[in-house]
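Visitor: I'm new to this structure and would like a close look at a single part of it. Could you walk me through it slowly?

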Amino acid sequence: MIALGQFLEVLIGGLMSGVLYSLVALGFVLIFKASGVFNYAQGAMVLLAGLALVRALDLLVANGLPLWVAVILAIGFAAVIMAATAWLIERFVIGPLVNQDGLTLFMSTIGVTFVIEGAAEMIFGSDVYPLRLFPTDAWFLFEGLFPGGILVNKLDVWGALIAGVLVAGLAVFFQRTKTGRALRAVADDHLAAHSIGIPISWIWFVVWLVAGLVALVAATVWGTKLGVQFSITFLALKALPVLIIGGLTSIPGAIVGGLIVGAGEKLAEVYLGPSIGGGIEYWFAYVLALAVLLLRPQGLFGERIIERV
Amino acid sequence: MLYREAGQFKATYAEDMAIFPIRQDRIALAVLLGIAFIGVPLLATFRIWPFGTDYLLWAILLPFLILALAAIGTNILVGYCGQISLGSGAFMAIGAYSAYKLATGVHIPLAWLGFAIAIPPLPVLASILLGGFMAAGAGILFGIPSLRIKGLYLAVATLAAQFFFDWAFLRLPWFTNYAPSGSVNAPELDFFGMVVRSPVERYLLCLAVVTVMAVLAKNLVRGNLGRQWMAIRDMDIAAELIGIRPLYAKLTAFAVSSFIIGVAGALWAFVYLGSWEPLAFSIDRSLELLFMVIIGGLGSIMGSFIGAAFILIVPIMLNVIPTKLGLPLSTQTITHLQFIIFGSLICYLLIKEPHGFARLISIGKEKLRLWPFPY
C-alpha cells in the first residue's frame with residue numbers, strides 16, 4: 001500500500017505540474033494556429049506579465065489600498081502592459097515579416113525574447129518577487145487508505161481549476177464570438193480570410209493579446225509557485241515538448257501533452273532516476289517528445305500533414 | 001570599374017566551373033589570406049598596433065575563427081539541407097568531451113565480460129579529429145528522426161540531443177574523468193613535438209584548420225552531395241522523385257555538419273577555453289550558432305564567417321561603448337540594455353534582409369559591376 005500511495009502521490013503531483021506546463025503551451029498554440037509563428041517569446045511574456053503584476057501589486061498595497069482592489073488594479077495594469085506588448089510585436093516585428101518562412105519568424109521571436117527580457121527587467125527590476133495570490137499549503141487525502149495520506153498541493157489544484165476555466169473560456173471565444181470565428185478563418189488560410197474582408201493585422205493583434213493574457217494567467221500561478229523571477233523564462237523551453245507531443249495546432253493537445261509530460265517526468269525521476277544518476281527531469285520530456293514524434297510526426301492531436309509537390 | 005569581369009574569357013570547362021571564376025575575387029581572397037596568415041602573426045609577434053596586447057587575438061580573432069567553423073557546420077545542415085537544428089551546442093560538446101577522453105586515455109571496464117576496453121592517450125590532433133567523428137556518429141543518430149519529422153518539429157526533436165548531452169556531461173562523472181568540480185582541463189597542445197602555447201600559435205592553428213575545413217565545405221556544397229542537399233532543402237518530395245535518396249542525403253548532411261561542429265567544439269575547448277564545464281555548450285550556444293547562420297545568410301559559407309563576426313562583435317561593442325562614453329549606468333542596466341539592443345538589431349536585420357549579409361554582398365557585387373554607371 002505504501003508503494004501504491006507513493007505512486008499515486010507522484011502521479012497526481014506530476015499531472016498537476018503538467019497542467020502548469022499546459023498553461024504556457026496554450027499561448028504557443030494560439031499564436032501558431034493563427035499566424036504560423038513559433039513563438040519562442042512566450043516564456044519571456046510570462047516573465048513580463050508576472051513582473052508587471054507583482055510590482056504593481058506591491059506598490060498599490062504599500063500605498064494602503066485594500067488587497068482585493070489592489071489585485072484587480074494590478075491585473076488590469078498587467079493586462080494593459082500585455083496589450084501594449086502585443087501591439088508593438090504585431091506592428092514592428094510580425095507585420096513586416098509577413099510571408100517569410102517559419103525559421104525566420106522563429107528567430108525573430110528569439111530577438112523579441114531578448115528585448116522583452118531586457119526591458120521587463122530594466123523597468124520592473126530583476127530580483128525574485130514573491131507573489132501570494134493562491135494558498136500554497138497542502139492537503140492530505142485518503143489518510144485512512146494510505147499511511148500518511150496523499151499529499152496534494154492546493155496551488156496545483158488552483159492551477160488545474162484555472163486551466164480548466166481558461167480552456168473553456170477560449171473554446172467559447174473561438175466558437176461563439178465573431179472575432180473568434182475570424183481568428184479561426186485566419187488560422188485556416190490567411191489569404192482567403194484577407195480576401196473576404198477580415199482585417200489580418202487586427203486579428204494578429206488579438207491573437208498576441210490573447211496569448212499575452214494566457215501568459216498573465218500562467219504568471220499568476222507560476223509566480224505563486226516559484227516567485228516571479230528570471231528563471232520563469234526557461235518554462236518556454238519546457239513547454240516545447242508539451243506542444244510537440246500534443247500537436248502544434250491543438251488546444252486540447254496542449255493540455256493532454258502537458259499532463260503526459262508532467263506525469264511522465266515525475267514518474268521517471270522517482271522510479272528511473274536513482275538508477276541512472278538523477279536529474280533526468282532535465283531531458284526526459286524531450287526524449288519523450290522525440291519518441292512520440294517518431295510514431296506520430298504531427299503529434300497526438302495535430303492536423304495530419306499532407307504534402308504535395 | 002574595378003570589379004568588372006570584361007575580358008576574362010573562359011576557354012575551358014574547368015575554368016568555367018572554378019571556385020572563384022572572377023579574377024578580382026581571387027585577388028581579394030589571396031590578399032585576405034595573406035593578411036590572415038602572414039600579416040596578423042607578424043604584427044602580433046612584434047606587438048604593433050592594433051596587436052599591442054593579446055586582447056584582439058584572444059578575445060576576438062580566436063573565438064571568431066572557431067565559432068565561424070561551427071557556423072559553417074550549422075550552415076551545412078540548416079542552410080544547405082534545410083534541417084533546422086537546435087542541437088549544435090550538444091555536438092560541439094560531444095566533440096570537446098570525446099577529444100578530451102581520447103587525449104587522456106579511455107578506459108571502459110566491462111566487468112560482466114571480464115575485460116576492459118582501454119585506449120592509450122592519443123596525440124592531440126588525432127583526438128580532435130576523432131572527436132569530430134564521434135560528433136558525426138551522434139549527429140547521424142539524432143538525424144534519423146529527420147526522415148519522418150520536418151521543420152520546427154525537427155528543431156524541437158534536436159533539443160532532445162541538446163538537453164540529453166548537457167545532462168550526460170554534467171551528471172556522468174566518467175566523461176570528466178571523475179573531476180570533483182565537474183570542469184576539465186585540456187591537455188597540452190602537442191603537435192608532433194611542436195607545442196602550441198602562445199596566442200599567435202593558437203591563432204595560426206585555428207586559422208589553418210578553419211581554412212582547410214572551409215575549402216573542403218565549399219567544394220562539398222558545390223559538388224554532387226551539396227546539390228543533393230539543396231534539392232532536399234528546396235522540396236524534399238520533388239527531390240525524391242528525381243532520384244535523390246532522402247535517407248542518404250539527410251544523414252550525410254547531419255554527419256558532415258556534426259563533424260565540423262565537433263571539431264569546432266574540440267578546438268573551442270582545447271585551444272580557446274583550456275578548461276571548461278558543460279555550460280560552455282548550452283542551448284544558448286546552439287541559438288547563437290543559429291543566429292550566426294541566419295544573419296550571415298542561409299546557404300553561404302562566406303555568410304557563416306560574417307554572421308559569426310557580427311554575433312561575436314556586437315555584444316562586445318555593446319559592452320565597451322557605454323564604458324568608453326562614460327555613461328553613468330549601473331552594470332545591471334547595461335546588461336539589460338545590451339539585451340534590448342541586441343534583440344532589436346536581430347529583428348531589424350531579419351526584417352530588412354531576411355536572407356542575411358550574404359545577400360547584401362551579392363547585391364553589392366552586382367552594383368559594383370556597373371559602378372559608376374547606374375545601368
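Visitor: Let's take chain B. How many Å separate the centres of domain 1 of chain B and domain 2 of chain B, taken over C-alpha atoms?

Guide: Keep in mind that this is a predicted model. Taken over C-alpha atoms, the centres of those two domains of chain B are 28 Å apart. Domain 1 of chain B covers 20–52, and domain 2 of chain B covers 55–283. As for where they meet, domain 1 of chain B puts seven residues into the contact, while domain 2 of chain B puts in five residues. Look at the domain 1 side of that contact in chain B: six residues there are nonpolar, one is polar and none is charged.

Chain B also touches chain A, with 38 residues of chain B in contact with 40 residues of chain A. On the chain B side, at least two residues each come from α6 (151–171), α9 (236–241), α11 (283–296) and α13 (331–352) of chain B. Of these, α13(B) gives the most, with 13 residues. Sort the chain B side by class and you get 30 nonpolar, six polar and two charged residues.

Within chain A, confidence is highest in helix α3 (residues 67–94) of chain A, at a mean of 92, and lowest in strand β1 (residues 138–141) of chain A, at 70.

Conventions
Residues numbered from 1 in each chain as written. Chains lettered and ligands numbered in written order. Predicted model: local features only at pLDDT ≥ 70, side-chain atom pairs only at ≥ 80, totals over all residues. Domains from an automatic or database assignment. Contact = placed C-beta atoms within 7 Å. Nonpolar A, V, L, I, M, F, W, Y, C, P; charged D, E, K, R; others polar. pLDDT = per-residue confidence, 0-100. Helix = DSSP H or I, 4+ residues; strand = E, 2+ residues; numbered from the N terminus.
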